[in-house]
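Please keep the sequence and the 3D view open together while you read this briefing, and find each residue for yourself as it comes up. The notes begin with a term and are then grouped by topic.

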Amino acid sequence: MLSLQQVGKSYSADVVAVDEISLDVARGELLTLIGPSGCGKTTVLRMINRLIEPTSGKIFVHGREIREWDPIELRRSIGYVIQQVGLFPHLTVEQNIAYVLRITGMSVKKRQARAAELISLIGLDKFHLNRYPAELSGGQAQRVGFARALASDPDVILMDEPFGALDQITRLQLQDELLRIQQQLKKTIVFVTHDIQEAMKMGDKIALMRSGSLVQLGRPVDFFNCPADEFVTDFIGGSDFFRLLELIPVHQVMEEASLKKTPGATLTRDMTLAEAMRLLFRQNKQQIYVTDCDGKVTGLLSMDIIRRAAAAGSGCTEE
Ligand SMILES: Nc1ncnc2c1ncn2[C@@H]1O[C@H](COP(=O)(O)OP(=O)(O)OP(=O)(O)O)[C@@H](O)[C@H]1O
Ligand SMILES: [Mg+2]
């Protein structure tokens, strides 16, 4: 779906923002991109939607090099969400959400219907459609920014620290909502964050960058079991079992399972393993079923499964 092949960006001989990065994001996958300030995360995102031209390498969206795309068609296929949200202050929420659709010539009626559909998807009441951005909270504005990015139904969505400016509670709420929407829509997402907890919770895979280079690309558990070097271990704050329990969500390690009837106590897929273990002990159970956001059983977790996932060197993916 999205492929970067030795993509680099230099501003001068000694300012190399991104140094020959190669990575693939599969259809429906959410990749979190993390690393210290100034390591090149935003530059990577902005090269994907051609706001910045790479100085080397190639980027493919849907198997087609981005330079071969019509720029307008490319922007429509790629949603972009940023920390500052960037809503137009003089337009209502509805007009903001439907902005791209207006440019593409969609009728007023269809635009209104699409905006109404999206506002309920992102969990806001319809009356917000007539408000102006200044009348929204930070979390609401960020939701509207996401709805706007979804308006033209792009396959790829780029998110640059979308929840970075929000308080912790709103941030956790928006993370859960994004995961819920992602389960439904299965977009291909690159999500930049500073926060390792967020990267581990949100990412099917994580790409860790340092000084313009890709240090490690893999599943969250790989960063514990097969860290590429000491920088990786330092960055995730230690690679011991307890740190893993704190950071890794249930769905990353659970075994797939399905049940027609929901059994009594269940875990939810986005809980951390630490929370899951507490529940296992409290319920005095060997294993416990996991439900997705609709309450459907999709997995099973036990101490054995956790132990296997946390075994050093187990199941490292070669990238
Ligand atoms: N227009 C520019 N001219 C020269 N250098 C630039 C330019 N834009 C970015 N850089 C440099 O490129 C590097 C990568 O910047 P980038 O914005 O991609 O970092 P980042 O990882 O997104 O950082 P942050 O986490 O702080 O947002 C930085 O060292 C930055 O100073
Ligand atoms: Mg940045």
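A residue is called buried when its relative accessible area is under 20%, exposed when that value is over 50%, and partly exposed in between. The model shown here is predicted. With that term in hand, one can say that F163 and F191 are both buried.

**Aromatic pairs**

- Two aromatic rings are taken as a pair if their centres lie within 6.5 Å, and planes over 60 degrees apart make the pair edge-to-face.
- By this rule, the count of aromatic pairs comes to 4.
- One of these pairs is formed by F163 and F191, whose rings are 5.7 Å apart from centre to centre with 65° between the planes, an edge-to-face arrangement.
- This pair links distant parts of the chain, since F163 belongs to the loop between β7 (156-160) and α7 (168-185), while F191 belongs to strand β8 (residues 188-193), and the two are 28 residues apart.
- The rings of F241 and F242 also pair, and because their planes stand at 65° with the centres 6.1 Å apart, this pair is edge-to-face.
- F241 has a relative accessible area of 30%, so it is partly exposed, whereas F242, at 62% relative accessibility, counts as exposed.

**Charges over rings**

- The charged end of R148 sits over the ring of F88, at 5.9 Å from the centre of that ring.
- R210 lies over the face of F231, and here the distance to the ring centre is 4.3 Å.

**The surroundings of ligand 1**

- Which residues surround ligand 1? They are Y11, V15, A17, S37, G38, C39, G40, K41, T42, T43, E161 and H194.
- Sorted by class, this shell holds 4 nonpolar, 6 polar and 2 charged residues.
- An oxygen atom of ligand 1 lies 2.8 Å from a backbone N or O atom of G38, and a polar side-chain atom of T42 is likewise found 2.8 Å from an oxygen atom of the ligand.
- From the side chain of H194, an N or O atom is 3.3 Å from an oxygen atom of ligand 1.
- Ligand 1 taken alone exposes 640 Å², of which the protein buries 58%.
- Two or more residues of the shell around ligand 1 are given by each of the elements β2 (15-25) and α1 (41-48), and the largest share, 3 residues, comes from α1.

**Backbone angles to look up**

- E20, which lies in strand β2, has a positive phi of about 45° although it is not a glycine.
- Is E20 buried, partly exposed or exposed? Its relative accessibility is 48%, which does not pass the 50% cut-off for exposed, so E20 counts as partly exposed.
- N284 is another residue other than glycine with a positive phi, here near 55°, and its place is in the loop between α13 (273-283) and β13 (287-291).
- The relative accessible area of N284 is 69%, so this residue is exposed.

**A contact across the sequence**

- A141 has its place in helix α6 (residues 138-150), and because its relative accessibility is 13%, A141 counts as buried.
- How far apart are A141 and V85 in sequence and in space? They are separated by 56 residues in sequence, yet their C-alpha atoms are 6.9 Å apart in space.

Conventions:
Residues numbered from 1 in each chain as written. Chains lettered and ligands numbered in written order. Predicted model: local features only at pLDDT ≥ 70, side-chain atom pairs only at ≥ 80, totals over all residues. Heavy atoms only, no water. Phe/Tyr/Trp six-rings, centres within 6.5 Å; stacked < 30°, edge-to-face > 60°. Helix = DSSP H or I, 4+ residues; strand = E, 2+ residues; numbered from the N terminus. Buried < 20%, exposed > 50% of the residue type's maximum accessible area, 1.4 Å probe, protein only. Lys NZ or Arg CZ within 6 Å of the ring centre and 35° of its normal. Near = heavy atom within 4 Å. Polar contact = N/O pair within 3.5 Å; in protein donor to acceptor, adjacent residues only side chain to side chain. Areas by Shrake-Rupley, 256 points an atom, 1.4 Å probe, with all protein chains shown as cover. Nonpolar A, V, L, I, M, F, W, Y, C, P; charged D, E, K, R; others polar.
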